[in-house]
Structure formats: C-alpha cells, structure tokens
Amino acid sequence: MTHPARARRASAPVGDGGPGDSVDWRLYLVTDPHLGGGRDAVPGIVYEAVLGGVGVVQFRDKECGGECDDDEFASRAAAVADAARRAGAQVGRDVPVFVNDRLDVARELGLHLHVGQRDVPFARARAELPGHLMLGLSIESDEQLRVAVAGPGPAPDVIGVSPVWATATKTDTAVALGPEGADRIARAAHRRGVAAVGIGGITSANVGLLAGTALDGVCVVSAVMTATDPRGAAADLLSRWDRARAHG
C-alpha cells in the first residue's frame, strides 16, 4: 500500500503559527480520567505523553457532564490544554487540543472540537465554531463518511475511524472495521482532503498492523492513560508505528 505523508496539512491553523500549519496525526491521545487514576492526574499524563511524542490531544470526560458543573469542566479542559502547550513548547512543536462534544467549552477556550455521530450535529458545530478552529468527526462506516463530505457545508478537518478493533473503553460503537475497513475509509477521506486517524483497541502489540494503511495515525486511550510511564508508552507506540511504516 502507498503511504500518505507522515504529517498531513490541517485545513485550519494550529496554535499561533497561522494557516497551513502542519499537524502530526501519528499519535493522538484521547483522555480518560478513570483509566488515568482520577481527574487530577490527567494533565500530568498529557504533559508526559506529549514529551513522549503525542502530537494531538483530545480532552474527553463523558461522566464529567453529570458530575461537574460547566465551570469545572472548562477548568479541567483548560488545564489539559495548558499541559499540552507547556510540553509542546519544551519539545519545540505545537500540539492541537480538541474538546470532545462540548461545543460551548471549545468555543469559550478557543480549542478545537471533536463530535460523534450522536453528539451535537456536525453542521451546527461547524456553523458555531470559529472558522480558525478544527472540527473532527467520528466515522463508523462508508455511508457516514459519504454524508459527512457530501456538502454543501465544509467537510471535517479530521475523522476518527472507529472502531478499528473492539474496545472496552467505549461500548456504544459499531462493528469493528479491522485494518482493511479503516484503510478503505481513510483513502476515501483523503480524496476529499480530510485527515483520518484510527481508534479502537489500539495497543503497542497491534499498532504496527495499521502503519501499512492509509490512516494518518492512531488514537489511543488505555495504552497511554493506564501506563505507569506515559512518556515511555507514547514513545514506544510512536516508534513501533514509524518502524512498521518505514518497512511497510
């Protein structure tokens, strides 16, 4: 299989560098406070993971919507964004931070947004999110992608192809696509200039199996959030991805 470029261009600016900034999608961390040992531990995990090579972070805390008030949710998202910024500055690169589902928080904090098929409607999110912020969308099938890029409005900046494999961290997903299904959807997304990352059941043991696909990278949750050494876990995942892609 032919391989896309290591880092695809984002269709929206990232950080302070202006339009056309390059986003490194290879390793995308989605946070989970329960797996990480509690909400207070999440920023520290994000900081270490970015030092280890994570290029994109998504703040996801589904339970916080019921357990936290809006101010606390926004405060925790801001803390994660600050951790990613500080770690990114230390290693000399911008690390985009997405907020999962919460359009109001993303808009308030000036962060990117990721929505699922059952979250706020994509068209509404794109209309209400400032144009310089990226918008990601979860895609579980070829048909969902077809609808997402059909227009007349803008297509997503990035899609999360889900689930590649079955995962215990998210139980309300469709049938696993496997590497071949993820590859097919990623190739279709690329034809519309949309980046594609795979998510679902990805570990250090199988990340290399996806390096030969058209995916621009992988999203991980438990592989980093449960690690005793998040920096080392991220570095290992990225190394395995790069080695497999180089030899694919």
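User: In this predicted model, which residues do ring pairs link into a cluster?
Analyst: The model is predicted, not an experimental one. A search of the whole structure finds four aromatic pairs. Ring pairs link three residues into a cluster, namely W25, Y28 and F98.

User: Is the aromatic pair of F59 and F73 stacked or edge-to-face?
Analyst: A pair of aromatic rings is described by the distance of the centres and the angle of the planes. For F59 and F73 the centres are 5.3 Å apart and the planes make an angle of 70°. Planes over 60 degrees apart count as edge-to-face. The pair of F59 and F73 is therefore edge-to-face.

User: How many residues apart are F59 and F73, and which elements hold them?
Analyst: F59 is in strand β2 (residues 56-59), and F73 is in helix α3 (residues 70-91). The pair links distant parts of the chain. The separation of F59 and F73 is 14 residues.

User: Are F59 and F73 buried or exposed?
Analyst: A residue counts as buried under 20% relative accessible area. F59 has 4% relative accessibility, and F73 has 3%. Both values fall under the cut-off, so F59 and F73 are buried.

User: Which residue lies over the face of F73?
Analyst: F73 pairs with F59, and its ring face also has a neighbour. That neighbour is 4.3 Å from the ring centre. The residue over the face of F73 is R102.

User: Are helices α1 and α3 roughly parallel or roughly antiparallel?
Analyst: Helix α1 (residues 42-52) packs with α3 at an angle of about 25°, and the axes are 8 Å apart. The contact includes V46, Y47 and V50 of α1 and A83, A84 and A87 of α3. Angles under 35 degrees count as roughly parallel. The two helices are therefore roughly parallel.

User: Where is I199, and is I199 buried or exposed?
Analyst: I199 is in strand β7 (residues 195-199). Among the residues I199 touches are V30, G160, V164 and C219. The relative accessible area of I199 is 17%. This value is under the 20% cut-off, so I199 is buried.

User: How many residues apart in sequence are I199 and P163?
Analyst: P163 lies in the loop between β6 and α7 (178-190), whereas I199 is in strand β7. The C-alpha atoms of I199 and P163 are 5.6 Å apart in space. In sequence, I199 and P163 are 36 residues apart.

User: What is omega for the cis peptide bond that joins S162 and P163?
Analyst: Most peptide bonds are trans. A cis bond is found from G151 to P152, with omega near 10°, and P152 is in the loop between α6 (142-149) and β6 (158-161). The bond that joins S162 and P163 is also cis. Its omega is about -10°.

User: What is phi of D101?
Analyst: Most residues other than glycine have a negative phi. D101 lies in the loop between β3 (97-100) and α4 (103-109), and is partly exposed at 23% relative accessible area. D101 is a residue other than glycine, yet its phi is positive, near 75°.

How values were computed
Residues are numbered from 1 along each chain as its sequence is written. This is a predicted model: local features need pLDDT of at least 70, side-chain atom pairs count only at pLDDT 80 or more; totals for chains, interfaces and linings use all residues. Side-chain values use heavy atoms; hydrogens and water are left out. Rings of Phe, Tyr and Trp (its six-membered ring) pair if their centres lie within 6.5 Å; planes under 30 degrees apart count as stacked, over 60 as edge-to-face and the rest as tilted. Helices (H or I, at least four residues) and strands (E, at least two) are DSSP runs, numbered from the N terminus. Buried means under 20% relative accessible area, exposed over 50%, partly exposed in between (1.4 Å probe, protein chains only). A charge sits over a ring if NZ of Lys or CZ of Arg is within 6 Å of the ring centre and within 35 degrees of the ring normal. Contact means heavy atoms within 4.5 Å. Axes are lines fitted to C-alpha atoms, for helices over the stretch in contact, and angles run from 0 to 180 degrees between N-to-C directions. Angles under 35 degrees count as roughly parallel, over 145 as roughly antiparallel, 65 to 115 as roughly perpendicular and the rest as oblique. Lists of a residue's contacts leave out its neighbours within four places in sequence.
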